[in-house]
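Keep the sequence and the 3D view side by side.

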Amino acid sequence: FHSFITGPAVVPGYFSVEAEHVVLVLNGREEAKVAQAARWLLFAQTLVETRRIRHVAVVLLGSERCRNDWIRPYLSRNGGFVRLLFVTYDYPLANEEDIFQWPLGVATYRNFPVVEPNWAMLHNPRSYLCNFLGTVYKNSSRETLLEILKQDGLDKLCWIAPREQWQPQETNESFRNYQDALLQSDLTLCPVGINTECYRIYEACSYGSVPVVEDVMTPGDCGNSSVHHSAPLRLLKTTGAPFIFIKDWKELPSLLEEEKKKSLQEKIERRRKLIEWYRNFKAWMRQKFIHTLEKSFLPDDKG
């Protein structure tokens, strides 16, 4: 039996259910969020010490540069009370024992919907070879990407709508355009931001648009390639994500030339594989999460 409680009324000092086992979903993206997360952890620690609850796990929206050291003292392995940590991005301490990498998923905070694949999504021809709707940061590979698209006139074949400043919330119109672009494009270009992993990758999967992922490590403390040869995105790679990975946007023109030659049947088959992989990936992560919690929290209930 699971209860999920969320919303502004949920504040440290109050649980509205009688729970023995608690999973806290915390945001560790920036200092103000970390301070709020730490308050929750201190509250949970008190409940563990007074035996009001027995076990605690944390799902952490981690720092985009994998700077999550603040949570380490709370982990059981370091004398704390948090049994399990599921954390986003290629966190180098993920070990598949008590620290697990968790996928970023879609931007639910922007109200990205649960998308159910239908016949049209799989079978209809799409109007655009590719899309990129997003913020273009100064001196980033996103600038390079736009230059390459313009040089070859490829921007005429793709739905490209750059903006100069990141917007935390979409307007109804910009959100509708974004969803239309995913639905109407065979490929979704996913240049790196602060981290290689981004919501766009999963949102493209939702609409059967193949992510073309810039496969480079971003600055910070995320899994370094000397230790993890498959970094970045090792979770997606080890589960066989059927994406297109490229090291440099200069490879894009020849990629799009190949794309033009593909038949609708080939594209349908590719979409089917992508949507099926994504469905299986979500089911597998869910199962792994539940199994890991049960294995860690419940064995002492037997006998």
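Start at His55, which lies in strand 2. Helices (H or I, at least four residues) and strands (E, at least two) are DSSP runs, numbered from the N terminus. The model is a predicted one: local features need pLDDT of at least 70, side-chain atom pairs count only at pLDDT 80 or more, and totals for chains, interfaces and linings use all residues. Residues are numbered from 1 along each chain as its sequence is written, and side-chain values use heavy atoms, with hydrogens and water left out.

Is His55 buried or exposed? His55 counts as buried because its relative accessibility is 4%. The cut-offs are these: buried means under 20% relative accessible area, exposed means over 50%, and partly exposed is in between (1.4 Å probe, protein chains only). The side chain of His55 has a polar contact of 3.0 Å with the side chain of His21. A polar contact is a pair of N or O atoms within 3.5 Å; within protein, one must be able to donate a hydrogen and the other to accept it, and residues adjacent in sequence count only if both atoms are side-chain atoms.

Four strands make an open sheet in the order 1-2-3-4, with parallel pairing. Its edges are strand 1 and strand 4 (99–102), and each of these pairs on one side only. From one strand to the next, the twist averages 20°. Such angles run from 0 to 180 degrees between N-to-C directions, and the axes are lines fitted to C-alpha atoms, for helices over the stretch in contact. Two strands pair if DSSP finds at least two bridges between them. Strand 2 and strand 3 (residues 82–88) have five bridges, in the parallel sense. Ala57 stands opposite Leu84 of strand 3.

What holds strands together in a sheet? Strands pair through backbone hydrogen bonds, either parallel or antiparallel.

Five strands form an open, parallel sheet in the order 6-5-7-8-9. Strand 6 (158–163) and strand 9 (244–246) each have a single partner strand, so one side of each is left without a neighbour in the sheet. Neighbouring strands here are turned by 20° against each other on average, direction ignored. Inside this sheet, strand 5 and strand 7 (residues 185–190) pair in the parallel sense over three bridges. Tyr128 stands opposite Ser185 in strand 7.

Next come the loops. Arg51 is in the loop between helix 1 (31–49) and strand 2 (55–61). Arg51 has a positive phi of about 60°, although it is not a glycine. Arg51 counts as exposed because its relative accessibility is 75%. Asn139 sits in the loop between strand 5 (128–135) and helix 3 (141–151). Its phi is also positive, near 55°, and Asn139 is not glycine. Asn139 counts as exposed, at 75% relative accessibility.

Val216 lies in the loop between strand 8 (210–214) and helix 6 (234–238). With a relative accessible area of 24%, Val216 is partly exposed. Val216 and Lys247 are 31 residues apart in sequence, yet 6.3 Å apart in space, C-alpha to C-alpha.

Val23 is in strand 1 (residues 21–27). Val23 counts as partly exposed because its relative accessibility is 32%. Phe4, Val23 and Val25 make a nonpolar surface patch of about 320 Å². Patches are made of residues with over 30% relative accessible area and no salt bridge: like charges are joined within 9 Å, nonpolar side chains (Val, Leu, Ile, Met, Phe, Trp, Tyr) within 5 Å. A salt bridge is a side-chain nitrogen of Lys or Arg within 4 Å of a carboxyl oxygen of Asp or Glu. Accessible areas come from the Shrake-Rupley method with a 1.4 Å probe; for residues, only the protein chains shown count as cover.
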